[in-house]
Amino acid sequence: MSAPEAILSQVFGFAAFRPGQAEIVEAVLAGQDTLAIMPTGGGKSLCFQLPALCREGLTVVISPLIALMRDQVRGLQELGVAAGALTSGNTEAETEAVYLALSRGELKLLYIAPERLAGSATIDLLRRAKCTLIAVDEAHCVSQWGHDFRPDYLRLGDLRRALRVPLAAFTATADAETRAEIIRRLFDGDAPQIFLRGFDRPNITLNFAVKDSPRKQLMAYAAARKGQSGIIYCATRARTESLAQALSEAGHNARAYHGGMEAHERRMVEMLFQREDDLIVVATIAFGMGVDKPDIRWVAHADLPKSIESYYQEIGRAGRDGAPADTLTLFGPDDIRLRRAQIDESPAPLERKQADHARLNALLGLAEAVQCRRQVLLSYFGEASEPCGNCDLCARPVKLFNATTPVRKALSAVLRTGESFGAGHLIDILTGNVTAKVRDRGHDSLPTFAVGRDLSRAKWQAVFRQMMGRDLVRPDPERHGALRMTEAARPILRGEAEIHLREDTIARAKDGPAVRALVSDEDAPLLSALKAKRRALAEEARVPAYVIFTDRTLIEMAETRPDTMDAMARISGIGGKKLERYGALFLEVVTGAAPEAQHPQRRKLAGRDTAGLYDALFEITRGLERGSDGTGKLLTLPPATLRAIAEARPGSIDALARIKGMDAARVTRFGAAVLERVQAF
Ligand code: ADP
Ligand code: ZN
C-alpha cells in the first residue's frame, strides 16, 4: 500500500478514492500547481487534506466562510489530525493554542480567513511556520464577475509569490471565463495542471412536477421524508414563513430563512441546520452559501428556479455524502410569467435580457423534457450520457401526442384577439365558454370560437404551459401577461413544422415521486437507533452530527451489522481515531451488548490483515509464558512489542531482536515460534 492510500484508510476510513481524487492527490503531492474543478460533494477537501498529511511542513488553507472552516477543523481533529484555524470567530484561548502549535511545528493544516491576507504579518507567520503548500477552497471567489467575489482573494497571488510554494485551487464552478480568471490571478497566468470532473451526481434523484396544489404537494413530500434534513426553496419571503409554520404544525422540525431576517437570526438557523440531522429549512435563495452539510437528504423547489445553473447548484447541496438524496421541483405557468417579467423589468441592456430569456428557456426545456432528465441536464453542461434510471422520466416515461393542430388553433386565437389576452380567456374562446368577457368583446363570433371543444380545459392549460415553456408564446410584461406569439412559432402556424407535446402531467403530479427509503424496512429500526446514538454524542461534544459519522457510514453499519471491532473498522468513514473513540459505542448499538475490551495496541490494527497475525502471535506467546514445558519463569510479550512484530514481520532472529522490547530472554523463549508463525502468514 502506498502512503496516500494507507492514510486514506487509516485516518479517513475510506476504502478507495472517489473518481478523480487519486490523480489530484498525486499531483498535489508531487508539488505541482493544480486547479481542480469538481462538483459539490465530489470530495474536494480530501484532495488537499490528504496530501497535507503526507507532506513535510504546514499546509495553509484559505476558505471564505468562517463557520465552515471551524467545522472542517473540528472534523479533522475528530480524525486525530493536527489542524487549527485563525479566524475572527476564535476565542483568545483557541488563537493562543494555534500559535503555540505553530511555533512547535506541530500543525499539519492551518485554515485562515482571506481577510488575514491583508498586511504582511500573515505571510511572515506562514514563512516561519514552514508552510509548504497553499490550498485555496472555493477558488472562484477570486473572479470579479461571479457573485461570490471576495476582494481579499486577490491577495492570494502575492502570497504564492512570497512563499514560493505550490498552490492547489478547488472550485465547483467550471465555466471557461471563471477558469481563465482563476489562472490569471492565482497562478500569474502560468497554467496549472487542470482537473475537470464530470457534473453528474448520480446519487441525486431528479423530479419535476407541475404545480397542482403546491402547498399540499410539498407537505406530502416532506411527510414522506420525516426526520430527514431538507431544504425547500421558495421565491418569496412570505411563502417561506407560512410554509415553515405549516410544516411545524404538522410536527416537523422546520425553520424559515430569508434575507429579511436579522443577521443573528440567520446565523442561528444556519447553525441549527448544520448541527441537527432532521431540520427542514424553508428558504429564499439567500440560504446556501453558508451551508456545507454533507447529509442533506432532499431539496425541493416550491417555485421554478431562475436558470439551470441555479437549479444545479441548489439541488447539488443534497447528498454530498454520496448516500441517496431526492429532489423535487414544482413549476407552473405563473412561474414562467414571473421569471419572464423579472427579466423584462430588469434594468439590464437588451442583449443581456435576450441571453437571460434564452437561459430561462433552457431551464423550461428541462422542466418539460420528454426524455431522461439527467441527459438533458448534463447535455446543457456539454456532457453526453446514457438514460440514468434515477429520474422521474426514466421511472415513468412520458407519453407524447401530436399537438400540431391544437397549437395552431391556440396560435390563431392569440393572433385573432390582437395578442392582448392571457391563457384563461384564450381557453374560454377555444372551448366555447361564453363568459361575460367573451360576449362583451364579441369573441364568440371569431372563427376560432369553440374550435377546441375536443380537448378539456385542463388539457388546454397543459398545452399553453408547454407553449410558454417552449417559448412559442411569451407573456407581454407591458400588457399584464397577455400572450404574444414569438418567431419560433411561425413555422408551426404556417404548417411547415410539427410539434409533439407531453400528455398532461397534472393528473400524475398528485402521486408525487416515489419515496425511496435509505435502508430496507428490516434495517430501518437499527438505523434510527444508530442515529439516536449519533445525536447524543454530537450534542455532548457540541459538534454537527455528521462530524461523528455521516449518514452514509450509519447506513452501511445498519446494512452490514458489524459484530466485532474488526468488522466495524472496515466500514467506510471509520478511520483509526473514530474507531477508538466511537467504535465500541456503536458496536453496542448493533449487537445489543458491550463488546469485549480490547487492548489499544490491538485496536490500532483493527480491520487490517495484520490484526490476524497479532491475534495468532498473542495466542502462541501466551502458550509459552512459562516455557514449552510450562515450568519456566513467567515471561510475557508487551502488546506494543506484539504489534511492532506483527507490523514489521521480521524475517530473521537478528531482525526480531532489533524490535523494541525483545530482549535476549524473550528472543530465546519466543523467537523460533514467532518467526515460524510470521513466515507462515
Ligand atoms: P466538496 O467540498 O467537493 O463539496 P467534500 O470534500 O465536503 O465535498 O466531501 C463530501 C463528502 O464526501 C464528505 O462527507 C467526505 O467525507 C466524503 N468523501 C470524500 N472523499 C471520499 C472517499 N474517497 N470515499 C468516501 N467518502 C468520501
Ligand atoms: Zn433519467
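This passage describes the fold, the two ligand sites and several individual residues of a predicted model.

Residues are numbered from 1 along each chain as its sequence is written, and chains are lettered from A and ligands numbered from 1 in the order in which they are written. Because the model is predicted, local features need pLDDT of at least 70 and side-chain atom pairs count only at pLDDT 80 or more, while totals for chains, interfaces and linings use all residues; side-chain values use heavy atoms, with hydrogens and water left out.

The chain has 681 residues, of which 51% are buried (buried means under 20% relative accessible area, exposed over 50%, and partly exposed in between, with a 1.4 Å probe and protein chains only). Its secondary structure comes to 32 helices and 18 strands; these are DSSP runs numbered from the N terminus, with at least four residues for helices (H or I) and at least two for strands (E). The C-alpha trace spans about 115 × 60 × 45 Å along its principal axes.

Ligand 1 is surrounded by 15 residues, and the closest are Ala16, Gly41, Lys44, Ser45 and Arg320 (a residue is near a molecule or strand if one of its heavy atoms lies within 4 Å of it). The shell divides into 5 nonpolar, 7 polar and 3 charged residues; Ala, Val, Leu, Ile, Met, Phe, Trp, Tyr, Cys and Pro count as nonpolar, Asp, Glu, Lys and Arg as charged, and the others, Gly among them, as polar. Polar contacts are pairs of N or O atoms within 3.5 Å; within protein, one must be able to donate a hydrogen and the other to accept it, and residues adjacent in sequence count only if both atoms are side-chain atoms. A polar backbone atom of Gly41 lies 2.6 Å from an oxygen atom of ligand 1, and a polar backbone atom of Gly43 lies 3.0 Å from an oxygen atom of the ligand. For a backbone N or O atom of Lys44, the distance to an oxygen atom of ligand 1 is 2.9 Å. Of the 570 Å² of accessible area that ligand 1 has on its own, the protein covers 86% (Shrake-Rupley method, 1.4 Å probe; for residues, only the protein chains shown count as cover).

Lys44 also belongs to the buried residues of helix H3, among them Leu46 and Phe48. Since 9 of the 11 residues of H3 (residues 44-54) are buried, the helix is largely enclosed by the rest of the structure.

The zinc ion (ligand 2) has the SG atoms of Cys372, Cys388, Cys391 and Cys394 as protein donors, at 2.3 to 2.4 Å. Donors are N, O and S atoms within 2.8 Å of the metal (3.2 Å for Na, K and Ca); water is not among the atoms, so sites may look incomplete. The angles among the 4 donor atoms are 103 to 119°, and the site is tetrahedral (for four donors, all angles between 85 and 135 degrees). Along the chain the donors follow the spacing C-x15-C-x2-C-x2-C. Cys372 lies in the loop between helix H14 (350-367) and helix H15 (373-380), and Cys388, 16 residues apart from it, in the loop between H15 and helix H16 (392-395). Cys372 counts as buried because its relative accessibility is 5%, whereas Cys388, at 26%, counts as partly exposed.

Leu206 is found in the loop between strand E8 (204-205) and strand E9 (208-210). Its C-alpha is 7.1 Å from that of Arg373, although the two are 167 residues apart in sequence.

Conventions. Tetrahedral: all angles 85-135°; square planar, octahedral: opposite > 155°, others 65-115°.
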